[in-house]
Amino acid sequence: MMKPEPYVVAENVTFRYPDGTVALRDINLRFAEGDFVALIGQNGSGKTTLSKCLNGLFKPTEGRILVDGLDTRHTSITKMAVRVGYVFQNPDHQLFNSTVWDEIAYGPRNIQLPKAEVEERVREAAEVVGLDESTFEQHPFFLPKGLRQRVAIASILALRPHMIIVDEPTTGQDVKQSLEIMDFLTRLHEERGHIIVIITHDMPIVARYARRTVLMAHSQILADGPTRSVFAQTDVLAEAFVEPPQITQLAQRCADLGFAAGTLSVQEMLEQFRSLAARRRA
Amino acid sequence: MQKMHKTILGYVPEASPLYEVHPFVRLYFLMVVSIFPMIIGAPEWNLALILVVLVLMKYGRVSLSTLKLYVPISISMGMLILLSYTLLGGIHPEFHVVFRILGFPIYYERIEAAVEVYTRILPMIFVMVLFLSTSRERDVLVAMRWARIPFTVTYMTAMALRAVGMVIEDFSIVRQAEKARGFDPHGKSLGYKLRQFVMYIIPLMALSLRRSEEFTKAIVARGYSFTGLKNVKRPDYVLSKYPFRTRDAVLILIITGFLIGILYLRYGLGMLTLEGSVTQRWLRQWLLGGAA
């Protein structure tokens, strides 16, 4: 089977902040069609800096990043915004219009789309994130945080970027809201073909939704692969001070009984347990 | 690459000689040297003070590019001062008319006063930039605590400085967030940028309101009580990290010496005034042809 063409290619990327701190060190990474990636690691490991480099907000100090064939160092931010969308962790950083409608329409208007298309995109983005028409005339500032987060995501979706980076999508959300947000990111991925990258500390969410996981520590990538195999690398995870979900840890501790180190969910654990029990009975 | 300290206005190398100086000396420099332009009337001496500050910035390895940010402000301020002193300066038959704009007389004396005021303000800005470029929020607090300024005042200053730092940080994130939605102000007119400025202001206001509420709740939750301006004795652990050395005392004496010297020159000998200054002679020659 042929590997899909990469949409984003980071080559030997190093990034230094003005104070001299090296936030990224010689990063090589590719994102391709079909990717649903979790970017994990401790605070200060370089996750957010890397993701801001991916959409051209930060330009690499060394190396280069190609997005859809365009070098981020020489591409305008407007061109990058329609290719890689970035949803900030705190929606309050990006909401400024006086109505939800204007907020979502801001991006499409900014790239000077015709009025009819702006309207179409606003309705579509609002529908995807589950915002009904009754919210269109409301002020985003007065919405609850969960809804503000949705407005922030819709405002990015309206630009129809092929790749969407969401910084901490579940922070400050209860379980129901977290699952709703993740479910709709999954729908975007499966039904509309968006490449999704989430930055998160929520390991059960990673285990449940991300097919691929990139583990960062000390400004470098320590592991990159299917979530199952990354969570099975206990030494590497320990080096990055990342703990896999409890069910994975339980399976790893029971490896001598025949449980797989890359177990990701209670359901998987249960199936293995039943299978082992059936074998014992036989 | 050299390691840098994050200061209120930017970054300064850890090895900066100015950063070695005790925070109180830096605060004292700000307080005292800012007064110099109020005493000095002669524009050339105030311009010389700017040169001294620039030399100090260079010596302290402060990036001079920081000053670029203040060029538009300085120019706008200069224009406003000139306009308010000349066009909006009123009718004074006793003054010398240099020329007229739409029938309004522009007096030499008002231009002279505008130049004097402007050259008094400029060095103050430079001194402030030097201070903010070489000091962290913590340095200001250490300086205030070292000077035994009441805790309430220090605490309020701390919160204000922290808020400034947070707003600067928020502003940077808000700008990134708008860029991520395709807003590219590059190459656009100043008018366009000003119209779009609202999209920075609203999130900043919203964040500040939410944060000030959190601030208040946090200090109340930690048992904060207002002690007024009484200097309640408190252990100041942070002061132990900043020893006040002989060199610092010498610097205080030098700065004070300069202040006394300038006061003597100004009020004892009547020097450093606009009257008889090189700038005044040059302005008269240029605008009045030496007629006044």
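First, some housekeeping. Residues are numbered from 1 along each chain as its sequence is written, and chains are lettered from A, with ligands numbered from 1, in the order in which they are written. Because the model is predicted, local features need pLDDT of at least 70 and side-chain atom pairs count only at pLDDT 80 or more, while totals for chains, interfaces and linings use all residues.

Let's start with the sheet in chain A. Four strands form an open sheet in the order β2-β1-β4-β5, with antiparallel pairing. Strands here are DSSP E runs of at least two residues, helices are H or I runs of at least four, and both are numbered from the N terminus. Two strands pair if DSSP finds at least two bridges between them. The edges are β2 (22-32) and β5 (70-71) of chain A, each pairing on one side only. Strand β1 (residues 6-16) of chain A joins β2(A) through seven antiparallel bridges, and A:F15 stands opposite A:L24 in β2(A). Helix α1 (residues 47-54) of chain A packs on this sheet, touching β1, β2 and β4 (62-67) of chain A. Contact means C-beta atoms, placed from the backbone, within 7 Å.

Now the domains. Chain A is divided into domain 1 (6-243) and domain 2 (245-282), with bounds from an automatic or database domain assignment. Their C-alpha centres lie 33 Å apart. Eleven residues of domain 1 of chain A are in contact with eight residues of domain 2 of chain A. On the domain 1 side, α7 (203-209) and α8 (227-231) of chain A each supply at least two residues.

On to the packing: which residues have the most contacts inside the largest nonpolar core? They are A:I104 and A:A154, in a core of 83 residues. Such a core is a set of buried Ala, Val, Leu, Ile, Met, Phe, Trp, Tyr and Cys residues joined through C-beta atoms within 7 Å; buried means 20 or more other C-beta atoms within 10 Å of a residue's own, with C-beta atoms placed from the backbone. Helix α5 (residues 145-157) of chain A gives the most to this core, six residues. A second, separate core has 32 residues, including B:F29 and B:M124.

Finally, the two chains together. Here 25 residues of chain B are in contact with 27 residues of chain A. On the chain B side, the largest share, eight residues, comes from α8(B).

Technical notes: Two residues are in contact if their C-beta atoms, placed from the backbone, lie within 7 Å. A residue is buried if 20 or more other C-beta atoms lie within 10 Å of its own, exposed if 12 or fewer, and partly exposed in between; C-beta atoms are placed from the backbone. Axes are lines fitted to C-alpha atoms, for helices over the stretch in contact, and angles run from 0 to 180 degrees between N-to-C directions.
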